[in-house]
Number of protein chains: 2
Amino acid sequence: MVEKMKELVESWSFLDAAESNFRPLVVIELAKGTKEETIEWFTKRIVDKKANGGAQLLIKPLVTENGVENIYLVGASHLRLLLGAETVGLVKECSDNSMRTFTYSSRKTFKHFADDNHNFLTMAECQYIIKHELENLRAKNEKMIPGYPQAKLYPGKSIVRRLLTSGILVQIFPLHDREELKKLSHSWYGRVKVGYQPLDDIRCYFGETIALYFGFLEYFTFALIPMAVIGIPYYVFAWEDYDKYVMFATFNLLWSTVILEVWKRMCAILTYRWGTLLMKRQFEEPRPGFHGVLGINPVTGREEPVYSSIKRQLRIYLVSLPFVCLCLYFSLYVMMIYFDLEQWALDYDKENESVFSSLMLYVPSIIYAVVIEIMNRIYRYAAEFLTSWENHRLESSYQNHLILKVLVFNFLNCFASLFYIAFVLFDMKLLRQSLATLLITSQILNQFAESLLPYWLQKRYNRRMKKRMCSKKTDMDLSLAEQVNMEKEMGTYLGTFDDYLELFLQFGYVSLFSCVYPLAAVFAVLNNITEIYSDALKMCRVYKRPFAEPTASIGVWQLAFETMSVISVVTNCILIGMSPEVDALFPDSKMDLVLTVALVEHLLLAIKFIMAFVIPDKPRDIQMKLAKLEFESLEALKQQQMKLAAESLKE
Amino acid sequence: MVEKMKELVESWSFLDAAESNFRPLVVIELAKGTKEETIEWFTKRIVDKKANGGAQLLIKPLVTENGVENIYLVGASHLRLLLGAETVGLVKECSDNSMRTFTYSSRKTFKHFADDNHNFLTMAECQYIIKHELENLRAKNEKMIPGYPQAKLYPGKSIVRRLLTSGILVQIFPLHDREELKKLSHSWYGRVKVGYQPLDDIRCYFGETIALYFGFLEYFTFALIPMAVIGIPYYVFAWEDYDKYVMFATFNLLWSTVILEVWKRMCAILTYRWGTLLMKRQFEEPRPGFHGVLGINPVTGREEPVYSSIKRQLRIYLVSLPFVCLCLYFSLYVMMIYFDLEQWALDYDKENESVFSSLMLYVPSIIYAVVIEIMNRIYRYAAEFLTSWENHRLESSYQNHLILKVLVFNFLNCFASLFYIAFVLFDMKLLRQSLATLLITSQILNQFAESLLPYWLQKRYNRRMKKRMCSKKTDMDLSLAEQVNMEKEMGTYLGTFDDYLELFLQFGYVSLFSCVYPLAAVFAVLNNITEIYSDALKMCRVYKRPFAEPTASIGVWQLAFETMSVISVVTNCILIGMSPEVDALFPDSKMDLVLTVALVEHLLLAIKFIMAFVIPDKPRDIQMKLAKLEFESLEALKQQQMKLAAESLKE
């Protein structure tokens, strides 16, 4: 078996490491003062042939005016990238318009493939392949990283991950393609236009995860338009009739179910076209931060750190869960103090009626806003610390636990005061007012903090950099060095988490109290239109280019949005039940009112679940295409089995 | 491609059709007076080599004292069965205790495999393989069945299905194995014992679907024991305190969630051991009743009848759905008449107070019971007719639509009167009484109608048959003929639908009103214990042996039981809220009472959903084993790709 493997690997030797047309794709930055022997060993492993356990990539030090700066450019030959595409299991379109997993041997059947067409793989795909190959560069018999005895290695450990955790490797990031970026940003946000975003181009440049976020943002904005349109006359004509509110709320609740279900279908269409719907999940490696005693992984049979699942469960349920509950309680406590302060300020203003006292009216809100912001930050750090301490083996399970923790806390922080006003104080005027204030200020602050501020800082820095560089600029090679130096200082995009969170909270503002403040949808639509532009700006100009991540759906966020839409059924029913107009309909018996509201609520919930059940998650044509692929693979398997049976009988 | 296929198929010719040790496995009964040419053609196709498009099975006419009776016995050589096992994708245990898909070439690695061990495949598996091979016997260029010009064929049409729909083929059924059956029935219900059912033996004899039903029945019975135990003191001590009822109901609600979640895990353990959890779903053929214009199937590219999905949707939503709603309305209407009659009988009894009038008290219930039974029967036929008219392509989708229709109607018929008594009449005494009457009578009637009656009829018939035969009985061959003749007259087991339906309704009686009638669980447990015995008796003695059907779960029933447990949260909360004891707790305000009940209900529902989310559907060790298999197949794929890449570069 091992013999056979070796032979196979040997055949990769046709990949010649020294190639003339070197195209830099990924930048590796090592720490200043990294030992020579380490650099030599590392670069040798990267360049080394597959047969010798290397990555068989191309690497070149970046030469700037100050000499070599421990920055390296990584690339790969065209052939190497095609073989890598097969390893990561990329799915591409065939000449007959079907989507198939790319294999080198069947390369001729793919659309736009030609041996000299270097654009068959997008740059984002090439960079993803290189990242994958680098991360899968594994230790052979090294016990440690040469030059760093404290950085232990064991056979099969990912070298890059060990270098990252021991701080020798500062960062790895993909290079921007100035020309492509210019084209993309022009068609994306460069001109004022009515129309869809160039999602396919975004996907080609930034990968599926980010394209899917922008797709969702756009879809969500369009989906909110009907709500916004119906909401406007309520504001303009100051409609206060209960039946109109009931109609609006009912429409909203059913609509939000429909849009979430339809999104699943849209998402399937997009990811089918991009190939990620069909992409087989790769076997997930342990995340970089995962630690444990060296043991045998029961799944792979490889030596790697293992950590008892029971211990993790204990940490989750005995430490993290109580901590989160405590934080939630504390947050509620702070909120109660805020309401006391507010009451005190009101009383003070009534007594004194001075300019000072009327200014004092704003103090509690400001303090509360600041405190919430501080609490959010601290909690975020605590959540990250706890989730990392829970020691999840997989990045995906780490992410899910982190998202859950942060989501619950943010939900409470944003909506607890509104719930209190609505269901304890029963003050609809105040609710409407607070809702409007919260929604609008949070949107403005977010847009500012998220995009405009970093953009401005980045621009100032770039200008300074350019000034410094310009004087000595001579040829194209320096331009590359300049680009690398500029990009390595840019902020790192930390993933779509905060962007989705923002949308999630916005969805909460729109749907939870939709029958009290129909105008929320209007503000949400307006915000999202500018959000698309500012997020696009952020991606293209503010942050380092992120590595593309293939994904088939928006994952846990779908669940979060669906949960929010269930909660909003409950809140809206209660709000409508509490309105004086509905109250007046049941003059004799409050009981009948409450029972009617409860009945309607249960009916709406039942309709929601039935709708979610009846609407298929994938459009029919996608279902057919998937069935066709499955059928073909079953047929292929059958033939293969017949062949094997025949062979075994000939022996 | 076609050339290669042919060559492969040719290699199957080593299977010699004429073999000495013929073991009859499956019986084929053709209609009396079937034309000679048809029989000749059909048997030739069955015996013919794979290379010529035959099934390559063994077939022998059954000879009785009256000569040949158009009954044929089908068997297969050991080698043929092993190759068939590979075709259907059976999963068996390897020597290293892992479960793997059986392939002929890797046969040596499987546990208990030996070339002369004819028990490697169980008899049920052999019969399943033969059924699969027979159903996959497809027309080549025949335009019709020889001798029957009206029975059209087209290339690729399943011959057996066409023969069945045109009435030439009366039935196909697997033979019982008298000896095995005796052993099984002895260990199953032959002796009074405390302990589990021999589920693995049941699975070997009857297949996974039936074994899983008995597994679920047993599991469900055990799961009900805690409820029954807690329920007994309520009856014995006539506890009427509200807090005890609340405790009982709360326990019940959470318990029912837990047992349904744990069942998923149990089911995964069972089906992993049986190999069906890992079994790849075969590509489903159109069901026999499916009709349409001949066209190209977009998935397989084969010629077959196609039917527009839009037409089917229209039929479902414009005809079936309104019809079902109408039936539901009609059923409610009948119920209202029943309550009027009941009231009239009560009034009449009060006025007259004679023996006749007190007998008249029972008349409405009897009429209602009879009417409901008649309505159920008629509705069942209507539902079957409608679902067949909807023209579903797949058997599974036909089954799901039928189950849904029947389920909704039965639910209403069984529980509508109870709901009416509980939530309209507010009569808890009557509710308890009706519940007890309905539960106990339905259980007794079911057991009688389902098992004892057919058993008695069968026994009488057998005795008559034996008497007729005994006189002429001479050798062992007649004994087989006798067995076949006896079995072909036995009833056909129509699947687990009615058995599950019975359990589902029982679950409704136990959980929907558990806080009113805690004794229901006790009756359910008692019934289920006898149900196991009577169902076992039914399977072994009353019906023809059914074909084994591999399955990985109880399918749509899991969903049905979960829905029932959600509904029961709502009903129990309302019932508790209505009890006078709880009422007395809120003397001032009915509002507070209703709000508290609603709050508790929502909390319970939330806890239910969180529990269902948190409890993993598969136990950890099964998850690990599945992950290991997936990892291995990914690794194998990688190596295969490397091999192909290497080969393609050598060219």
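**Cores, a covered helix and salt bridges**

Let me begin with one helix, α4 of chain B, in which Met123(B), Ala124(B), Glu125(B), Cys126(B), Gln127(B), Tyr128(B), Ile129(B), Ile130(B), Lys131(B), His132(B), Glu133(B) and Leu134(B) are buried, where buried means under 20% relative accessible area, exposed over 50%, and partly exposed in between, with a 1.4 Å probe and protein chains only. Helices (H or I, at least four residues) and strands (E, at least two) are DSSP runs numbered from the N terminus.

This is a predicted model, in which local features need pLDDT of at least 70 and side-chain atom pairs count only at pLDDT 80 or more, while totals for chains, interfaces and linings use all residues. Residues are numbered from 1 along each chain as its sequence is written, chains are lettered from A and ligands numbered from 1 in the order in which they are written, and side-chain values use heavy atoms, leaving out hydrogens and water.

To return to α4(B), 12 of its 13 residues are buried, so that the helix is mostly covered. The expected span of a helix is 1.5 Å times one less than its number of residues, and for α4(B), residues 123-135, this gives 18 Å, which agrees with the 18 Å between its end C-alpha atoms.

Next, the cores: a nonpolar core is a set of buried Ala, Val, Leu, Ile, Met, Phe, Trp, Tyr and Cys residues joined through side-chain atoms within 4.5 Å. The largest has 107 residues, and those with the most contacts inside it are Trp188(B), Phe415(B), Phe504(B) and Trp557(B). Helix α13 of chain B, residues 395-425, gives the largest share of this core, 15 residues. Apart from it lies another core, of 100 residues, among them Leu328(A), Tyr493(A), Met539(A) and Cys540(A).

Where do Lys183(B) and Glu180(B) lie? Both are in helix α6 of chain B, 3 residues apart, about one turn of the helix, and their closest N and O atoms are 3.6 Å apart. Lys183(B) counts as exposed, at 52% relative accessibility, whereas Glu180(B) is partly exposed, at 36%.

Methods:
A salt bridge is a side-chain nitrogen of Lys or Arg within 4 Å of a carboxyl oxygen of Asp or Glu.
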